[in-house]
Amino acid sequence: MNVRLRRVLLAAVALAALPAAQAALVEESFELPVDVVDAYRKQISRTIVVTVFVDDETPAPRPVLVLNHGRSGSPSGRAAVGRSRYPEASAWFARQGFAVAVPTRIGYGVTGGEDVEDTGACQRKNYPPGYAAAAEQVLAVLKAMHARPDVAPERAVIAGQSYGGATAIAVAARQPAGMVAAINFAGGGGGNPQGSPRRPCMPHQLERLFAGYGETARLPTLWVYTENDLYFGATHPRRWFEAFRAAGGQGEFVQFPPHGNDGHMLFTAYPQAWQPVVAAFLRRQGFEIRE
């Protein structure tokens with residue numbers, strides 16, 4: 001596999017400013033060639049950038065956690081992703097013993113390229129190809145991580161925020177080797193908090209999408225939302241989850257009360273809220289989680 005690795009050791013001055021629990025955090029990035037097909041059946045090849053965090057104080061081989069970013073509908077918003085890192089959440093998962101891989105998918109930030117997740121206009125959404133393109137990239141990242149000598153290939157978790165959360169469920173539906181759980185933070189698509197708050201594009205299409213994932217997903221999943229999510233509202237996510245469960249999917253649904261002006265940002269803005277819930281879920285899957 002043609003993977004180019006670049007290690008980024010945190011600067012000594014930055015390490016000195018970090019708490020002792022974070023002092024062993026090591027950040028790396030590597031480039032990974034991937035192939036996807038978009039909603040218009042165009043095959044696209046691109047090299048994506050993947051950032052990896054590990055805590056050197058945790059023992060190897062480590063389980064993998066692939067953490068997926070969300071989506072912006074505008075080119076400028078997608079470019080603004082830069083190199084996706086989620087540094088606070090990644091550091092927390094790394095302290096729990098995971099090797100955390102954060103891909104910057106095709107069409108975003110430093111990876112660049114075409115918008116392979118474009119699923120059409122609001123009233124003509126075709127969601128499945130967009131999530132399939134994202135899922136293919138996650139599967140490639142998982143395969144690359146499993147090739148590392150410091151990784152335990154049989155204990156992987158896929159997680160993500162917003163579009164990345166729905167992507168985690170899409171990957172769970174494929175049940176890749178070694179994947180044991182998925183965590184969906186505010187997952188969905190078609191949200192517009194300014195133009196149509198709480199009313200995503202064609203939510204019934206998303207309900208059918210998640211029902212389809214539930215037909216084949218047999219891994220434990222955790223769905224984390226808030227009541228004041230301006231992208232998807234309070235009721236649509238629960239319907240998506242219920243459709244997933246009714247089709248055979250396994251899962252737990254947690255909906256927090258309102259947080260801030262837009263609960264969709266719970267993952268990045270309020271980690272102290274979700275961390276105990278996620279820690280309990282991971283313990284139930286057999287992971288040793290620190291207090």
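**A cavity and a helix pair**

Gln161, Phe185, Ala186, Val224, Tyr225, Gly263, His264, Leu266 and Phe267 line the largest cavity of this structure, which is a predicted model. The volume of that cavity is about 40 Å³, and the structure holds one cavity of 30 Å³ or more. A second topic of this briefing is the packing of helix H4 against helix H6, whose axes lie 10 Å apart.

**The lining of the cavity**

- Two elements, strand S8 (221–226) and helix H8 (266–269), each give two or more residues to the lining of the largest cavity.
- When the lining residues of the largest cavity are sorted by class, six are nonpolar and three are polar, while no charged residue is found there.

**The packing of H4 and H6**

- Helix H4, which covers residues 127–146, packs with helix H6, which covers residues 203–214, at an angle of about 50°.

**The residues in contact**

- On the side of H4, the contact is made by Tyr127, Pro128 and Tyr131, and on the side of H6 it is made by Gln205, Leu206, Leu209 and Tyr213.
- Sorted by class, the residues of the contact of H4 with H6 comprise six that are nonpolar and one that is polar, with no charged residue among them.

Note on methods. Residues are numbered from 1 along each chain as its sequence is written. This is a predicted model: local features need pLDDT of at least 70, side-chain atom pairs count only at pLDDT 80 or more; totals for chains, interfaces and linings use all residues. Side-chain values use heavy atoms; hydrogens and water are left out. Axes are lines fitted to C-alpha atoms, for helices over the stretch in contact, and angles run from 0 to 180 degrees between N-to-C directions. Helices (H or I, at least four residues) and strands (E, at least two) are DSSP runs, numbered from the N terminus. Contact means heavy atoms within 4.5 Å. Ala, Val, Leu, Ile, Met, Phe, Trp, Tyr, Cys and Pro count as nonpolar, Asp, Glu, Lys and Arg as charged, and the others, Gly among them, as polar. On a 1 Å grid over the protein atoms alone, a cavity is a set of points where a 1.4 Å probe fits but cannot get out, and a pocket is an open set with protein on both sides within 12 Å along at least five of seven lines; lining residues have an atom within 4 Å of a point. Grid points are joined across faces, edges and corners, and a volume is the space filled by probe spheres set on the points.
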